[in-house]
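Have the viewer open, and follow along topic by topic.

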Amino acid sequence: MANSLRLYLTCIRNTLEAAMCLQNFPCQEVERHNKPEVELKTSPELLLKPILICRNEAEKCLIETSINSLRISLKVKQADELENILTKKFLRFLSMRAEAFQVLRRKPVQGYDLSFLITNYHCEEMQKHKLIDFIVQFMEDIDKEISELKMSVNTRGRLVAAEFLKQFI
Amino acid sequence: MMVATDDFVEADNVEAIISRIEHKSRKIESLLKQSKLVEALKTALEGSPPNTRDERCKSANWIAVHRAIMAMKDLDALFSSLDPEYYNILMKYLYRGLSTGDRPTCDPVPADSRKTHGEGRLGVHTSFPSRHHKYSMMIIAIVI
C-alpha cells in the first residue's frame, strides 16, 4: 500500500477510535422514539463538530458524530471520466444492497460518493474495533476494485477492437 | 439597540484581537529565524482567540499556527516540552489543516505512534517530518 494512503487511513482510524463513543439516547422531540441524531440535527447540543480529513483535493473523508450515531462520508479518487463512471456504478451497486452491509447508508451525503451510518445499536451488536477495521479495509479495497474494473474495461476494449479490425487486414 | 451595541463592542474586540495576532506573528517569525521552533509553536498556540466568531481572527491565528507547524522538524522535542494543556488546541489546528485539502499540508509522512498513559491523559501519534513534506501529521487521540 502506498505510504500516503497508509497514513491517510491511519489518521482516519485514529479519529474513528476517538469519535465512536456512542450511547443510547432517546429522541428529545418525540416520545418513545429513538433516532440517529446525526441525521436529524435538531439538537445542537447532541452534535459534535464534523471533522474533515483530506488526503488531497479529490479524496476526503467527513466524520460527523453525535451522541448516538456516527456518519462517515467518503469521496473516492476519480482521475478520469472512465473512473468517474465506474465509481458511480460500483458504489450505486453497493448502496442498493445496504441491508447486507448494515452500516451502509442507502444514499450518500451531498458532495460525497459513499456514506456509512453507525448507531449505538451497531456498537452493541458488533465490536467497535472490528467496525473500524471494516471501514478502513473498505476504503483500502475500494481503490483496488476501481483500478481492477478500469483495467478490465481497457482490456476488453482492446480485445474487441483488435478482433473488429482484423477483418480489415 | 442592544444588538447594535454588542456588534460595536465585538468589532472593537476583533480589531484588538487581530492586532494582537499580528504582533504574535512577528514574534513567531523572529523565533523561527533564531531556530527556536518549539517556542515559536508555543507562542502561536498561546492566546488563541477562544470565543470570537469573527472569521478573520480565526484565519489570522490559523495562518500563524500553520507557519509554526510547517517549520517543525523535531516532534519528539516538541511533545516533551509542550504542556498538555496545549494538546487540545494543537489538535484543533491539526484537524483544520487536514480539512484544507492543500497538498503540502495534507500529505502524510511516515508515522510513529507514542502514547502517554494515565487517567485522562492524551495519547499522541506523532510523525517525523520528511524533507519534502513540511506539514507533519500529528493526531492526538484522547485516551480515557
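Predicted model: local features only at pLDDT ≥ 70, side-chain atom pairs only at ≥ 80, totals over all residues.

Residues are numbered from 1 along each chain as its sequence is written, chains are lettered from A and ligands numbered from 1 in the order in which they are written, and side-chain values use heavy atoms, with hydrogens and water left out. Helices (H or I, at least four residues) and strands (E, at least two) are DSSP runs, numbered from the N terminus.

**Helix H6 of chain A**

- Buried means under 20% relative accessible area, exposed over 50%, and partly exposed in between (1.4 Å probe, protein chains only).

**The sheet**

- Chain A has an open sheet of four strands in the order S1-S2-S3-S4, with antiparallel pairing; two strands pair if DSSP finds at least two bridges between them.
- Strand S1 (51–54) and S4 of chain A stand at the edges with a single partner strand each, so one side of each has no neighbour in the sheet.
- From one strand to the next, the twist averages 15 degrees. Axes are lines fitted to C-alpha atoms, for helices over the stretch in contact, and angles run from 0 to 180 degrees between N-to-C directions.
- Strand S2 (residues 60–65) of chain A runs antiparallel to S3(A) and is joined to it by six bridges. A:Thr65 has A:Leu70, in S3(A), as its bridge partner.
- H1(A) packs on the sheet and touches S1, S2 and S3 of chain A, with a direction about 5 degrees from that of S2(A).

**Nonpolar cores**

- The largest nonpolar core has 36 residues, of which A:Tyr8, A:Leu16, A:Ile63, A:Leu70, A:Ile72, A:Phe116 and A:Ile118 touch the most other members. Such a core is a set of buried Ala, Val, Leu, Ile, Met, Phe, Trp, Tyr and Cys residues joined through side-chain atoms within 4.5 Å.
- At least two residues of this core come from each of H1, S2, S3, H3, S4 and H6 of chain A and from helix H5 (87–98) of chain B. H6(A) gives the most, with eight residues.
- Leaving aside neighbours within four places in sequence, A:Leu70 has contacts that include A:Leu16, A:Val38, A:Ile63, A:Thr65, A:Phe116 and A:Ile118.
- A second, separate core of 25 residues includes B:Leu41, B:Ala44, B:Leu45 and B:Ala64.

**Salt bridges**

- Over all chains the count is 15 salt bridges, each a side-chain nitrogen of Lys or Arg within 4 Å of a carboxyl oxygen of Asp or Glu.
- A:Lys41 forms a salt bridge with A:Glu64, and their closest N and O atoms are 3.1 Å apart. A:Lys41 lies in the loop between H2 and S1 of chain A and A:Glu64 in strand S2 of chain A, so the pair ties together parts 23 residues apart in sequence.
- A:Lys41 is partly exposed at 40% relative accessibility, whereas A:Glu64 is buried at 8%.
- B:Arg67 and B:Glu29 meet in a salt bridge (2.9 Å, N to O). B:Arg67 is in helix H3 (residues 55–71) of chain B and B:Glu29 in helix H1 (residues 2–33) of chain B, 38 residues apart.

**Positive phi values**

- A:Lys41 is not a glycine, yet its phi is positive, near 55 degrees.
- A:Gln102, also not a glycine, has a positive phi of about 70 degrees. A:Gln102 is in the loop between H4 and S4 of chain A and is partly exposed at 46% relative accessibility.

Terms used: Contact = heavy atoms within 4.5 Å.
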